[in-house]
Amino acid sequence: MIRTLIGFLIRIVVLVLVILVLGLILISAAYYLIGPSLPITPSMLINPQEALAFTFALMDTDFFRIVVFPGFTFVALYAAIAGLWERKLLAKMQLRVGPLYAGKFEGILQPIADVMKLLSKELVIPKVVDRFFFILAPILTVTIATAAVAVIPVTERWVIARSDVGVLVIFAVLAFFPLTALMAAWSSNSRYPMLGGLRALHQMVAYEIPLILSVLTPVVLTGSLNLLDIVEKQSSLWFILLAPISALTFYICSLAELERIPFDLPEAEPELVSGWLTEYGGMNFGLILGIAVYIKLYVLSALFTLLFLGGWLGPQPLPPEFWFIFKAFIVTTFLLIPRGVFPRLRIDLLLKQSWARYFILALINLVIAAAVVLGGFKP
Amino acid sequence: MIDVAFALLAIITVISAILALEAKEVVYGAIALSLSFVGIAGFFALLDAVFLAMFQLTVYVGAIAVLILFTVMLVRREQWLKAKEGVHSVLGVLVAIIVALGLGYLVYASTITHVTPSVEQAPFTLIGSQILSEYWFAFITLALVLASAVIGAVVLAKLERD
Amino acid sequence: MEPLVNYLFVSAALFAIGVYGLVTKKNALRMLFAVEILINAANLNFVAFTRYLHPTTVTGQSLAMFSIALAAAEAAVGLAIILAVFRLRKDVDVSEIKGLRG
């Protein structure tokens, strides 16, 4: 346990050393992967043209894609900025100020402060939990959330895995989350996490179906499961104008999948202490509630812009990467706003609405889209 | 010549299948079962059936494994322990070995031992057209079976509550 | 790629494990696990055969899709029955459920 400043500093130093050692291993692996095709010569130090050419060639490799741009670093940065943006947005909506003190300009270093706080807390593992699953569940949640990032294209050039069944990969990944939530809830071996876990399970499973049906509408309009094709077909008309009901259903169902208000019951603070996350403290909590939820947020907002808002298509002077990130950020804002606006839905009303209302809405739009495509309309 | 991915997947799938049946607690068994489902999905991906692999993940892991875990967890733990293991374990292992050896011999004695790594693959869109045209009757029957399963499950749940 | 026989060996091993589970276990849930393993072994067999013997068709894959969907329905109904029996008798040992034996 950390009792003194020295202890805290020692922990930070150990962490930095571990990161350096792992970074060394990673860099040597990268060199092994990239090295043979792109030799690094000493003349690069003298000749900036060569270094520039090397950098551009490096940007085209898979390693760069996985680690930096549409992959890990980008998503982590997006998660951090989304976290800060959420708190400032909510604060402004509630006539407060939000985090203000970390960093010179309006609390901009707050995510770093949050991570340092979570890292410095003790990892409490209660005695009665099932150690294996208790430790496995957050790791699995983050891993699976990151696996979905692999098929999301930021532009045609920047995609990690060009897959012909990209949409199905997202479905398969979404189907894993109830499993990890149940694992986390059950391993905690106590009353409130169990209740919260069962509610989370019910909610996630019930809202998967309208989500899948509403994603199928752009797929039917395009005729392909490839995300690159779906964006390509929107060059004349965005699908949100052709399938507005599906877009609305997707939006509401992603609110439910992310366990955000108004579908907040599994984490209901006044009711269930902290729902299925009660027993998790310190970095465990930071892993689930921090990283995995924001990665899911990024995945669902990116999916919304790809399917309905035309992805990276936009007026030319600005690069397509900018358009994608801009649109995804607007969708993220819309996903964050209901937290300050709506009350929480009761669990039976929540489930009844999913089956009675959103399922039917998604089906209606799917049938309309199928009828339109069969009638000969080719977007 | 054995591929590393294939060997790894085979080991993971078979060992989790054994663990699913042999683990002390049923919850561990259910999670090991879902791991073997993931292994089978990996096999499908190795066989160039990516659509089927994602379908298997979504249905088996996303639905069946969740259902099984849900059932296992809805019941309190002490009562499961009353079901003791059968005394016919030795006979069971013997039967399993005989089945495995029999199937293995059948495979060896046939002419399938030649390798056919043909590069041509079928696009997965053929699955949909085949189901809707050639196997339409099975498709409609499947829809009826699923509907009746849902109705049956709802009726069973309702009867309990009375 | 792999020779076809490797896939068939893995499928045979899984099938044998499933048979062992069905024969040996008395816990109803374990028997359900064994049935699922059997279905998976058969699906693997279908897809392997169609990939190697008729690579331009997808018959095995559609069959495997039907099989997966049917397995889902069967698992749902089976679990509902297990739950109903459990609530009635507080026991899942299948050798204890012999009320219909005459």
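1. Let's start with chain B: of its 162 residues, 38% count as buried, where buried means under 20% relative accessible area, exposed means over 50%, and partly exposed lies in between (1.4 Å probe, protein chains only). Keep in mind that this is a predicted model, where local features need pLDDT of at least 70, side-chain atom pairs count only at pLDDT 80 or more, and totals for chains, interfaces and linings use all residues. As for bookkeeping, residues are numbered from 1 along each chain as its sequence is written, chains are lettered from A and ligands numbered from 1 in the order in which they are written, and side-chain values use heavy atoms, with hydrogens and water left out.

2. Chain B has seven helices and zero strands, counted as DSSP runs numbered from the N terminus (helices H or I, at least four residues; strands E, at least two). Along the sequence, that reads as α-α-α-α-α-α-α. Among the contacts in chain B with a separation of 6 or more, 46% come from residues 24 or more positions apart; contact here means heavy atoms within 4.5 Å.

3. Now for the inside. The largest nonpolar core has 159 residues; such a core is a set of buried Ala, Val, Leu, Ile, Met, Phe, Trp, Tyr and Cys residues joined through side-chain atoms within 4.5 Å. A:Phe250, A:Tyr298 and B:Ile68 have the most contacts inside this core. From chain B, the core draws at least three residues from each of domain 1 (4–84) and domain 2 (125–162), with bounds that come from an automatic or database domain assignment.

4. Take A:Tyr298 from that list. Setting aside neighbours within four places in sequence, A:Tyr298 touches several residues of chain A, including A:Phe74, A:Tyr78, A:Ile152 and A:Phe324.

5. How much area is buried between chain A and chain B? About 1,900 Å², and carbon and sulfur atoms give 84% of that; buried area is the accessible area (1.4 Å probe) that two parts lose on being put together, summed over both. On the side of chain A that touches chain B, helix H7 (166–187) and helix H8 (191–222) are the elements giving two or more residues. H7(A) gives the most, with 11 residues. In contact terms, 22 residues of chain A meet 21 residues of chain B. There are zero salt bridges between these chains, a salt bridge being a side-chain nitrogen of Lys or Arg within 4 Å of a carboxyl oxygen of Asp or Glu.

6. Chain C and chain B bury about 7,100 Å² between them, 75% of it on carbon and sulfur atoms. C:Arg30, C:Phe33 and C:Phe66 are the residues of chain C that lose the most area to chain B, together 10% of what that side buries. The contact takes 70 residues from chain C and 83 from chain B.

7. What is the count of salt bridges between chain C and chain B? Two. The side chains of B:Glu22 and C:Lys25 form a salt bridge at 3.1 Å, N to O. The elements of chain C giving two or more residues to the side touching chain B are helix H1 (4–24), H2 and helix H3 (59–89), and H3(C) gives the most, with 22 residues.

8. Finally, look at C:Leu32, which sits in helix H2 (residues 28–53) of chain C. Is C:Leu32 buried or exposed? C:Leu32 is buried, because its relative accessible area is 8%. Beyond neighbours within four places in sequence, C:Leu32 contacts B:Ile68, C:Glu74 and C:Leu79.
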